Amino acid sequence: MSNNKYRIALAGNPNTGKSTLFNALTGMNQHTGNWPGKTVEQAIGLFTYESDTYEIIDLPGTYSLYSNSTDEEVARDFIIFEKPDVTLVVVDATSLERNLNLALQVLEMTSSVILCVNLIDEATKKGITVNAKILSTQLGIPVVTMSARNKIGIDSLLSTIQQMVLGKISVRPLVVPYSEEVETKIKELEPSIKDLFGDQYPTRWIALRLLDGDTKLLQSLTDKLVEKENNHLHVKERVIL
Ligand SMILES: Nc1nc2c(ncn2[C@@H]2O[C@H](COP(=O)(O)OP(=O)(O)OP(=O)(O)O)[C@@H](O)[C@H]2O)c(=O)[nH]1
Ligand SMILES: [Mg+2]
């Protein structure tokens, strides 16, 4: 019997094997559509693991998570506003340095992250070894090495996902420090952001986006506030009536 249902997001640079992993996990149990209001494909699948159900969303592949493109917006809005229980960041073991850039961006948004070092077979062929333990210590999150195409590392990933949703893994995501000037501004902004949203969104990340002049995020946040205010009014009306 199925107990709980959790939501997993798959993020990563293009061509890192996200869809291959998505297919390996969900088999035929998947469907596609468009993201609401966007012409970007949305793939959703289901799988069960030890009596729990997981819904997994294959996000568009992106190099960053700012507002540079619809793909980036879709991926980052999902992580921020939909708050998946776990975000899997899939990286290419043969070009870790470039790929980790996105992983660090995701870590600023959520701490519930597992790094999937994929294409480990290709890395081995090229004589590249990846020390998952050191990487995990440095990033402060679990790291699983895998080859999605050869279905290697899937079991280890599934049990890591389970441990994470059960709260059995303590994460200490690496916080990337910015220049003193930026850090001072972040500290100035954080209290107002907390006042408006409480713990609903990652305060430091929002401060950084605002400092970067991200008007699209500012608009989304304003919409959320208006939505909240309207809901509040509806409740008030109902109480009065
Ligand atoms: N050698 C090897 N190839 C892999 C592995 N996983 C995926 N691939 C291959 O890498 C290519 C890209 O895989 P996709 O799953 O389409 O990558 P993606 O991240 O979904 O790409 P986008 O949707 O464009 O972001 C395909 O040719 C896969 O067969 C792996 O573990 N090892
Ligand atoms: Mg894909």
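**Exercise 1. Place G17 in the fold.**
Task: Which residues does G17 touch, not counting residues up to four places away in sequence?

Solution. 
Step 1. Setting aside residues up to four places away in sequence, G17 touches V90, N118 and A148. The model is predicted.
Step 2. Find G17 along the chain. The loop between β1 (5-12) and α1 holds G17.
Step 3. Take V90 from the contact list. G17 and V90 stand 73 residues apart in sequence, yet their C-alpha atoms are 7.2 Å apart in space.
Step 4. Check the cover. Buried means under 20% relative accessible area. G17 has 17%, so G17 is buried.

**Exercise 2. Describe the surroundings of ligand 1.**
Task: State how many residues surround ligand 1, and find which polar atoms lie close to its oxygen and nitrogen atoms.

Solution. 
Step 1. Count the shell. Ligand 1 is surrounded by 15 residues, and the closest are N15, K18, S19, T20 and D121.
Step 2. Sort the shell by type. It divides into 3 nonpolar, 8 polar and 4 charged residues.
Step 3. Look at the oxygen atoms of the ligand. A backbone N or O atom of N15 is 2.9 Å from an oxygen atom of ligand 1. A polar backbone atom of G17 lies 3.0 Å from an oxygen atom of ligand 1.
Step 4. Turn to nitrogen. An N or O atom in the side chain of D121 lies 2.8 Å from a nitrogen atom of ligand 1.
Step 5. Ligand 1 taken alone exposes 650 Å², and the protein buries 72% of that.
Step 6. Name the elements. Two or more residues of the shell come from each of α1 (18-26) and α4 (120-125). The most come from α1, with 3 residues.

**Exercise 3. Find the buried side of α1.**
Task: Which residues of α1 are buried, and why do they share a side of α1?

Solution. 
Step 1. List them. K18, L21, F22, L25 and T26 are the buried residues of α1.
Step 2. Apply the arc. They cover only 115° around the axis, so they sit on the same side of α1.

**Exercise 4. Read both faces of α5.**
Task: Tell the buried face of helix α5 (residues 132-139) from the exposed one.

Solution. 
Step 1. Pick out the buried residues. In α5 these are A132, L135 and L139.
Step 2. Look down the axis. The buried residues of α5 fall within an arc of 65°, so they line one face of the helix.
Step 3. Find their cover. It includes α3, β6 (113-118) and β7 (143-145).
Step 4. The face away from the buried side carries K133, T137 and Q138, which are exposed.
Step 5. Inspect the ends. N131 caps the N-terminal end of α5, with a side-chain oxygen 3.1 Å from the backbone nitrogen of K133. Just after α5, G140 takes a positive phi of about 80°.

**Exercise 5. Classify Q105 and G198.**
Task: Decide for Q105 and G198: buried or partly exposed?

Solution. 
Step 1. Locate Q105. This residue lies in helix α3 (residues 96-109).
Step 2. Read its area. With a relative accessible area of 7%, Q105 is buried.
Step 3. Name its contacts. Leaving aside neighbours within four places in sequence, Q105 is in contact with Y63, S64, L65 and Y66.
Step 4. Locate G198. The loop between α7 (180-197) and α8 (203-211) contains G198.
Step 5. Read its area. G198 has 27% relative accessibility and counts as partly exposed.
Step 6. Name its contacts. Not counting residues up to four places away in sequence, G198 touches I193 and T203.

Terms used:
Residues numbered from 1 in each chain as written. Chains lettered and ligands numbered in written order. Predicted model: local features only at pLDDT ≥ 70, side-chain atom pairs only at ≥ 80, totals over all residues. Heavy atoms only, no water. Near = heavy atom within 4 Å. Polar contact = N/O pair within 3.5 Å; in protein donor to acceptor, adjacent residues only side chain to side chain. Areas by Shrake-Rupley, 256 points an atom, 1.4 Å probe, with all protein chains shown as cover. Helix = DSSP H or I, 4+ residues; strand = E, 2+ residues; numbered from the N terminus. Nonpolar A, V, L, I, M, F, W, Y, C, P; charged D, E, K, R; others polar. Buried < 20%, exposed > 50% of the residue type's maximum accessible area, 1.4 Å probe, protein only. Arc of directions from axis to C-beta. Contact = heavy atoms within 4.5 Å.
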